[in-house]
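Please review the model shown below together with this briefing. The briefing is arranged by topic.

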Amino acid sequence: MAFELPAHHALFTLVGSAFIVHLIFKRSEPHRVAVHALLLLAIPAFLSVLLLDRMPVTKALSVSFLTFWTALISSVTLYRLSPWHPLARYPGPVFLRLSKVSMAWISRGGKRHLYTQELHRRYGDIVRVGPNEVSISNAAAIHPLMGTSGLHKGPQWEARTATQSVPPLIAIGDPKEHLRRRKPWNRALNVASLKDFEPFVAHRAEQLVSRLAAQKETTNLARWFGWFTYDLMSDMAFGGGSEMMLNGDEGSVWPLLETGLLNSDTFGHLPWMADYIRAVPGLGANMKQMRSFCIQRTQERIKLGNTSRKDLFYYLNNEDGAEPKPPVSEVTADGTLAIVAGSDTTSSVLSNVFYCLLTHPEAYARLRAEVDSYYPAGEDAFNTKHHADMPYLNAVINETMRLFPPVTDGSQRIVPAGSGGRIIGDSYLPEGTITTVHMYSIQRDARNFAPLPDSFWPERWLHAADGASSVIGMKLVHNATAFFPFSYGPGNCAGKGLALQEMRMVVSAMVQRLELSLADGFDAVAYENDMHDYLILSRPPLPVTVNQRKVSTEGHST
Ligand code: HEM
C-alpha cells in the first residue's frame, strides 16, 4: 500500500525523522545493535512507503535512504562544528571534532601519544579531540579530575572489554561498584601481602637472571622481560602454568596479547561497537581468544581449591574469607586484567630502563656503583631490604617512566551525568565530557621538568630531593605532582607496589650479576621509532650481549 503524499511532504518527513534520530542519539547515545538497526535502517526503509506511488520499490528505497542519511549526516556535522556545541570553545582539528573514527584511525599507527602532544603544542592546554572529548595537558588538572572527588572512569573500556560477561575492575565507571571490586585488590597489594609475594617475585627474578647469564649469543632483552613478567603474573593470578623463560612462548601468547591490545586500543575510541563485537563472531577475535584462554586458566585454578599459596588469586577469589566468594565471572575478568595490566606494563618499563642505561653509560656506571655499595658481590640482590632506599635506582626507574610511561596517554574519565559539569581553572567541562589528562605531554613538559625535559637525566630526581633550585646555572623545575605513570586517585593502578617491587629487584640483580652491552649496530633512533602506543607502550627488540660480572678477590664485582 502506498500513501499519496506530495513528493516534498515525503522528503520533509524523511528529513524531519533524521533530525529526530539525531536528537535521540545526542540525548541517550544508544549502543545496542537492535536500536541502531531500528533507528538507522528500519525508519528510512519504512518511510520509503511514502514514495511508492511515484517510483518502483528499489528506487523508493534508494531515495529514502539517501535523503534520510544525507539529512542525518548534515545535522550531526553542523551540530558538532557549530558554536552551539557545548565544547565549541575548545580548539581542535575539524576531523577530530566531527568523529572519533579519525582518532581510532590515527591510533592504529601507534603514535597517538606524539600526535596528541603535537596538538597540545599547537592548540594549547585543552584540545578537543573528539565530538565530546577533550585532552588536557595541564598538571593542575590531575588532582581535580582524577582525585577522590574527581570524575568517573570513561567509556573507553566499554568496547575493549565487550567480550567479558562482567567488566574488569579497570572498566568500572560507577564509583561505589568500583570501590567494592577494588577491595580484594587492595588487600592483595597492601604492604603485608607484598611481603608475602616477595618469594614468588624473587623466584622468577632469579630464573630470569640465570637464564640471561646462560645466553651465549646476542639476545633480545625485551622478549625476556615479556616472558619474565608473563610467567610471574601467571604464578600470581593462576597459581603457575606458564614457563616461557624455560620453553619460550610455545602457545604464541604474546602475539595474541599484542594484537589483542592493538584492537582494544582501536575499539577504545568506539564504545558503541561493544555490542557489535559481541554479536559478530570474527570481530575482536583475538580479544575473544584471550578471554577463553583466561577462563580456562581461572577454572583450572578454582579447581585446585583453597591452597596455602597467598598469591593474587587468593585475594581476588576471597580465599582469605574477608568477604563472600565472588562470582567466577568477576574473578575471571580480574584475572585477565592482572595478566594484561601486570605483564605488558612492567616489561615495557624494564626494557626501557635498560635501553636508557645502555645508551647512557655514565648512568649505568653510577647505578652499578650504587648497587655494589648496597649489595656487594655475595650479597643477595633479590632481597628487597635496600631497594626502596636506593636513590639512584629509584631515580633511574622514575626517569624511565617519566619519559616512557607504559600507559602513555593516561586513563580516560567522564564528567558524570547529573553532576552539573566541572570547572577546571578558567574552563568549564559540561556533563558527559570525556576527558583525558595527557600523561605523555605532561611528563615531558618543560613547565614541569626542566632542564632537558625530553632527555634521560636521572640526576634531576636527586637534585629535586636535595631541594636544589638550579643546576649548573640552569633553573631546576621538578613538579612531582606532574609525574603520574601509575595514574592518580581512587582508580589508580592497583598493582603499583608489586610493579615497583619487581622492577627494583630485577634491575638491582641484573646490574649486580650481569654485564650487558648493546649489540653491534644497535640504532637508538630506530628503537624509539619502533615504540608503538597500543594502549600500552610496546617493547621494540633490544638486542644485547650478556656476560656474567667477574668477582674480584676483594669480593667486588668488576
Ligand atoms: C610499571 C608498571 C605499571 C604501570 C606503569 C601501571 C599503570 C597503570 C595505569 C596508568 C592504570 C590506569 C589507572 C586509571 O584508570 O586511572 C593502571 C590500572 C591498573 N593496574 Fe597497573 N600499571 C603497572 C603494573 C601493574 C601490575 C604489576 C599490576 C598487578 C596486577 C597492575 C594492576 C592494575 C589494575 C588492577 C588496574 C586497575 C585499577 C582500577 O581501576 O582500580 N598494574 N595501571
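Helices (H or I, at least four residues) and strands (E, at least two) are DSSP runs, numbered from the N terminus. This is a predicted model, in which local features need pLDDT of at least 70 and side-chain atom pairs count only at pLDDT 80 or more, while totals for chains, interfaces and linings use all residues. Residues are numbered from 1 along each chain as its sequence is written, and side-chain values use heavy atoms, with hydrogens and water left out. The ligand contains an iron atom whose only protein donor is Cys493.

**Iron donor**

- Donors are N, O and S atoms within 2.8 Å of the metal (3.2 Å for Na, K and Ca); water is not among the atoms, so sites may look incomplete.
- The loop between strand 12 (477-478) and helix 22 holds Cys493.
- Cys493 counts as partly exposed because its relative accessibility is 32%. Buried means under 20% relative accessible area, exposed over 50%, and partly exposed in between (1.4 Å probe, protein chains only).
- Apart from neighbours within four places in sequence, Cys493 is in contact with Arg182 and Phe486. Contact means heavy atoms within 4.5 Å.
- An unreviewed UniProt entry places the feature "binding site" at Cys493. UniProt positions are given in the numbering used here, feature names are shortened, and annotations may be inferred rather than shown by experiment.

**Shell around the ligand**

- There are 27 residues around the ligand, of which Lys153, His178, Ser411, Ser487 and Cys493 come nearest. A residue is near a molecule or strand if one of its heavy atoms lies within 4 Å of it.
- By class, 15 residues of the shell are nonpolar, nine are polar and three are charged. Ala, Val, Leu, Ile, Met, Phe, Trp, Tyr, Cys and Pro count as nonpolar, Asp, Glu, Lys and Arg as charged, and the others, Gly among them, as polar.
- At least two shell residues come from each of helix 9 (175-188), helix 17 and helix 22 (496-513). Helix 17 gives the largest share, six residues.
- Ligand oxygen atoms lie 2.7 Å from a polar side-chain atom of His178, 2.7 Å from a side-chain N or O atom of Arg413, and 2.5 Å from a side-chain N or O atom of Ser487.

**Backbone geometry**

- Most residues other than glycine have a negative phi, and most peptide bonds are trans.
- Ser487 has a positive phi, near 70°, and is not a glycine. Ser487 is located in the loop between strand 12 and helix 22, and it counts as buried because its relative accessibility is 16%.
- Leu452 likewise is a residue other than glycine with a positive phi, about 55°. The loop between strand 9 and helix 21 contains Leu452, which is partly exposed at a relative accessible area of 43%.
- The peptide bond from Ala450 to Pro451 is cis, with omega near 0°. Pro451 is in the loop between strand 9 (449-450) and helix 21 (459-465).

**Buried helix residues**

- Ser343 belongs to helix 17 (residues 328-359) and counts as buried because its relative accessibility is 0%. Beyond residues up to four places away in sequence, Ser343 touches Thr229, Tyr230, Met233, Trp254, Leu257 and Ala338.
- Leu256 is part of helix 13 (residues 253-268) and counts as buried at 14% relative accessibility.
- Not counting residues up to four places away in sequence, Leu256 touches Asn286, Gln289 and Met290. Leu256 and Met290 stand 34 residues apart in sequence, with their C-alpha atoms 7.0 Å apart in space.

**Annotated transmembrane regions and Asp53**

- The unreviewed UniProt entry assigns the feature "transmembrane region" to residues 6-25, 37-55 and 61-81.
- Residues 37-55 are 58% helix and 0% strand, with end C-alpha atoms 25 Å apart. Residues 61-81 are 100% helix and 0% strand, with end C-alpha atoms 30 Å apart.
- Asp53 sits in the loop between helix 2 (33-47) and helix 3 (57-81) and is partly exposed, with a relative accessible area of 31%.
- Asp53 and Ala7 are 46 residues apart along the chain, and their C-alpha atoms are separated by 9.7 Å.

Terms used. A polar contact is a pair of N or O atoms within 3.5 Å; within protein, one must be able to donate a hydrogen and the other to accept it, and residues adjacent in sequence count only if both atoms are side-chain atoms.
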